[in-house]
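Let's take a walk through this model together. Have the sequence and the structure open side by side, and follow along as we go.

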Amino acid sequence: MRVLMCPGQGSQSEGFLNPWIAEISGFKDQLEVLSEYCKRDLVHLGTLASEEEIKDTANAQPLIVGASLAAARSALHVKDFDAVVGHSVGEFAAAAIAGVLTDAQAMELVAVRANAMAKAAKLTQTSMAAILGAEVEVVEAVSEQLGLQVANYNGAGQIVVAGPVSAIKALLEAPPERSRAIELKVAGAFHTTFMQSAETELRDAAQGIQTGNPTLQLWSNNSGQLVESGDEFLRLLVSQVASPVRWDLCMASIDAEGVQVVELPPAGALAGLAKRGMPNTVAVALKTPADLEKIAQ
């Protein structure tokens with residue numbers, strides 16, 4: 001069994017699409033089409049844009065989803081894969097690859113999501129931090145004491161919390177015993193109640209969208225469950241904006257199958273988590289086109 005993984009925000013780096021555009025026929029053409037759907041110049045963002053420009057939530061989310069889709073459409077045969085899963089905003093790419101949304105619908109919706117989350121982040125000064133090496137129950141208790149919320153259960157000993165800047169500062173100064181806390185360079189407290197206005201905006205944009213049922217196995221960040229209804233996946237995709245990402249449960253579900261997972265660009269973060277937290281799984285990160293040779297035949 002082979003599974004495609006679609007990364008989330010934070011995986012992009014300056015110029016990461018240069019080798020893909022240079023070496024993969026049709027990759028740039030795909031990006032240009034996807035750019036029209038989301039009203040962003042994805043070729044520029046993935047090749048020449050500064051680090052600051054591609055960290056902007058309004059640019060980062062369409063860029064990441066567009067990069068994953070362009071790779072899936074031009075460098076791989078999706079029919080050779082049995083399943084797909086996305087992390088956070090990567091679930092939009094997963095939805096398109098699985099046939100729940102068209103590429104146009106996915107890119108149009110992710111543009112709405114990106115703009116709405118960037119706007120929501122400006123309403124209150126918030127931040128996020130990754131805690132490494134602490135038990136889930138300990139992190140949940142500390143978060144509650146500080147007025148923080150758990151945003152990402154990433155598994156492999158990594159949990160991301162979010163909330164007011166002052167509370168994040170207090171966490172960094174006194175992390176749970178035998179753990180490390182690292183502040184993330186993001187605009188706000190994603191996947192928490194601070195994003196309620198963005199969730200509402202995305203729900204309005206998703207009204208009336210005709211979905212298809214998944215043609216590949218498709219897991220949800222909601223609770224790591226397989227979803228067989230396109231309408232249900234879209235509902236979960238919207239509510240995910242203000243709810244925790246349960247990547248730990250997605251990894252547990254996939255690892256039980258004993259599979260090869262292939263992370264689409266911008267790759268690295270999810271494959272790293274898989275190598276640490278999925279003992280029955282082989283992970284491949286497609287950082288450059290040369291990594292395509294590592295995919296099992």
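**A guided walk through the model**

Start at Lys-39, which counts as exposed at 69% relative accessibility; here buried means under 20% relative accessible area, exposed over 50%, and partly exposed in between, with a 1.4 Å probe and protein chains only. Before going further, keep in mind that this is a predicted model, where local features need pLDDT of at least 70, side-chain atom pairs count only at pLDDT 80 or more, and totals for chains, interfaces and linings use all residues. Residues are numbered from 1 along each chain as its sequence is written, and side-chain values use heavy atoms, with hydrogens and water left out.

Back to Lys-39: this residue sits in the loop between helix 2 (27-38) and helix 3 (42-47). Helices (H or I, at least four residues) and strands (E, at least two) are DSSP runs, numbered from the N terminus. The phi of Lys-39 is near 60°, a positive value in a residue other than glycine. Most residues other than glycine have a negative phi, and most peptide bonds are trans. Ser-88 also has a positive phi, near 55°. Buried or exposed, what is Ser-88? Ser-88 is buried, with a relative accessible area of 8%, and is found in the loop between strand 2 (83-86) and helix 6. Pro-266 belongs to the loop between strand 8 (260-263) and helix 13.

Now zoom out. The chain is divided into domain 1 (2-122 + 192-294) and domain 2 (125-184), with bounds that come from an automatic or database domain assignment. The contact between them takes 14 residues from domain 1 and 13 residues from domain 2, contact meaning heavy atoms within 4.5 Å. The C-alpha centres of domain 1 and domain 2 lie 24 Å apart.

The largest nonpolar core has 73 residues, and Val-84, Ile-97, Leu-101, Leu-264 and Leu-286 have the most contacts inside it. A nonpolar core is a set of buried Ala, Val, Leu, Ile, Met, Phe, Trp, Tyr and Cys residues joined through side-chain atoms within 4.5 Å. Helix 7 (residues 103-121) gives the largest share of this core, 9 residues. Domain 1 and domain 2 both give residues to this core, so it lies between them. Leaving aside residues up to four places away in sequence, Leu-101 touches Ala-95, Ala-96, Ala-106, Leu-109, Ile-209, Thr-211, Leu-234 and Leu-237. A second, separate core of 20 residues includes Ala-83, Trp-247, Val-259 and Ala-274.

Helix 6 deserves a stop of its own. Because 8 of the 8 residues of helix 6 (residues 90-97) are buried, this helix is largely enclosed by the rest of the structure. Gly-99 follows helix 6, with a positive phi near 90°.

What about the open spaces? The search runs on a 1 Å grid over the protein atoms alone: a cavity is a set of points where a 1.4 Å probe fits but cannot get out, a pocket is an open set with protein on both sides within 12 Å along at least five of seven lines, and lining residues have an atom within 4 Å of a point. Grid points are joined across faces, edges and corners, and a volume is the space filled by probe spheres set on the points.

About 730 Å³ of space lies in the largest pocket. Its lining has 35 residues, of which Gln-9, Gly-10, Ser-11, Leu-184 and Val-186 lie nearest the centre. Helix 13 gives the largest share of that lining, 4 residues. Domain 1 and domain 2 both give residues to the lining of the largest pocket, so the pocket lies between them.

The second largest pocket has a volume of about 150 Å³. Helix 10 (196-206) and helix 11 (230-239) are the elements that give two or more residues to its lining, and the largest share, 4 residues, comes from helix 11.

Finally, a search of the whole structure finds 1 cavity of 30 Å³ or more. Asn-221, Asn-222, Leu-236, Ser-239, Gln-240, Ser-243 and Pro-244 line the largest cavity.
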